[in-house]
Amino acid sequence: MSSILLLSGSPSTPSRSEAILHHAAGILSDLGLTTQFVSVRDLPPEDLALAKFDSPQLKAIQQKVAQATGIVISAPVYKASYPGVLKALLDLLDQDAFTGKVILPIATGGTLAHLLSIDFAMKPVLAVMGATHILRGVYILSSQIQLDAAGTLQLEADIEERLRAGLQALAQAVK
Ligand SMILES: Cc1cc2nc3c(=O)[nH]c(=O)nc-3n(C[C@H](O)[C@H](O)[C@H](O)COP(=O)(O)O)c2cc1C
């Protein structure tokens, strides 16, 4: 059975971009897919900052990446790009870690002005890591994501629809 890796690139907690991934897990399950979750926070900050290629936590992440047929990467927009900690994690993965995998990129941002950050910042890095099947990204304004204290997510109807369309395209591609 295809397994989808949900990769969170936010250093913050609580995190809207990460809450989207937990919501996506339910949708993917309804579509008959199993998921595994990885966050940039799973690695000790020192391992990330000092590029510790022998980090035990990194080995676990590398295994999950290798097992996945599809990957959903969700990250906040930082300075018109994605957070440096996500780049630090990607730098620790193999050069061809994404070869043969279908990838759905998701970004949450404070402004629509950085809508193209998925295409200009995230996609080139995914491509250099071997991804040849990168689906159309889903960009969501953080103001369109309501997250309560219990971590329950409320999405506006059109966002929910775009997210589901992206996840359905992913499910279709990995089957
Ligand atoms: C350091 C920092 C830089 C940011 N830079 C941008 C930016 O350039 N463009 C933008 O649209 N939002 C920017 N934001 C807003 C975040 O993208 C937005 O709040 C996001 O939804 C937070 O997601 P998270 O809760 O998963 O961290 C920035 C936020 C932070 C903390």
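Author: Gladly. By class, the shell around the ligand holds 4 nonpolar, 10 polar and 3 charged residues. This is a predicted model, in which local features need pLDDT of at least 70 and side-chain atom pairs count only at pLDDT 80 or more, while totals for chains, interfaces and linings use all residues. Residues are numbered from 1 along each chain as its sequence is written.

Reader: What makes a residue in that shell nonpolar, polar or charged?

Author: The residue type alone decides: Ala, Val, Leu, Ile, Met, Phe, Trp, Tyr, Cys and Pro count as nonpolar, Asp, Glu, Lys and Arg as charged, and the others, Gly among them, as polar. Of the 17 residues around the ligand, Ser15, Ser17, Pro76, Gly109 and Ser142 come nearest.

Reader: Which elements give two or more residues to the shell?

Author: They are helix H1 (16–30) and strand E4 (102–109). H1 has the largest share, 3 residues.

Reader: Why is E3 called largely enclosed?

Author: Because 7 of its 7 residues are buried. Buried means that 20 or more other C-beta atoms lie within 10 Å of a residue's own, exposed means 12 or fewer, and partly exposed is in between, with C-beta atoms placed from the backbone. Gly70, Val72, Ser74 and Pro76 point one way from E3, and Ile71, Ile73 and Ala75 the other way; both groups are buried. E1 (3–8) is also largely enclosed, since 5 of its 6 residues are buried.

Reader: How do you know that E3 and E4 pair?

Author: Pairing requires at least two bridges found by DSSP between two strands, and E3 and E4 have 7, in the parallel sense. Ile71 stands opposite Ile103 in E4. E1 and E3 also meet the rule: they run parallel, with 5 bridges, and Leu5 faces Ile71 there. On E2 (34–39), E1 has a parallel partner joined by 6 bridges, with Ser8 bridged to Ser39.

Reader: What makes Leu170 stand out in the largest nonpolar core?

Author: Leu170 is among the residues with the most contacts inside that core of 47 residues, together with Ile4, Ala24, Ile71, Val72 and Ile103. A nonpolar core is a set of buried Ala, Val, Leu, Ile, Met, Phe, Trp, Tyr and Cys residues joined through C-beta atoms within 7 Å. Leaving aside neighbours within four places in sequence, Leu170 is in contact (C-beta atoms, placed from the backbone, within 7 Å) with Ile4, Gly70, Val72, Val102, Leu104 and Leu135. In soluble globular proteins, nonpolar side chains tend to be buried together.

Reader: Why do you say the protein agrees with a compact globule?

Author: With 175 residues, such a globule would have a radius of gyration near 16 Å, and the protein has 15 Å, so the two agree. The radius is taken over C-alpha atoms, and the rule is 2.2 Å times the number of residues to the power 0.38. Along the principal axes, the C-alpha atoms fill a box of roughly 45 × 35 × 30 Å. Buried residues make up 37% of the 175. Among contacts between residues at least 6 apart in sequence, 80% join residues at least 24 apart.

Reader: What makes the peptide bond from Thr13 to Pro14 cis?

Author: Its omega is near 0°. Pro14 is found in the loop between E1 and H1. Another proline, Pro44, sits in the loop between E2 and H2 and counts as partly exposed, with 14 C-beta neighbours inside 10 Å.

Definitions and conventions:
A residue is near a molecule or strand if its C-beta atom, placed from the backbone, lies within 6 Å of it. Helices (H or I, at least four residues) and strands (E, at least two) are DSSP runs, numbered from the N terminus. Two residues are in contact if their C-beta atoms, placed from the backbone, lie within 7 Å.
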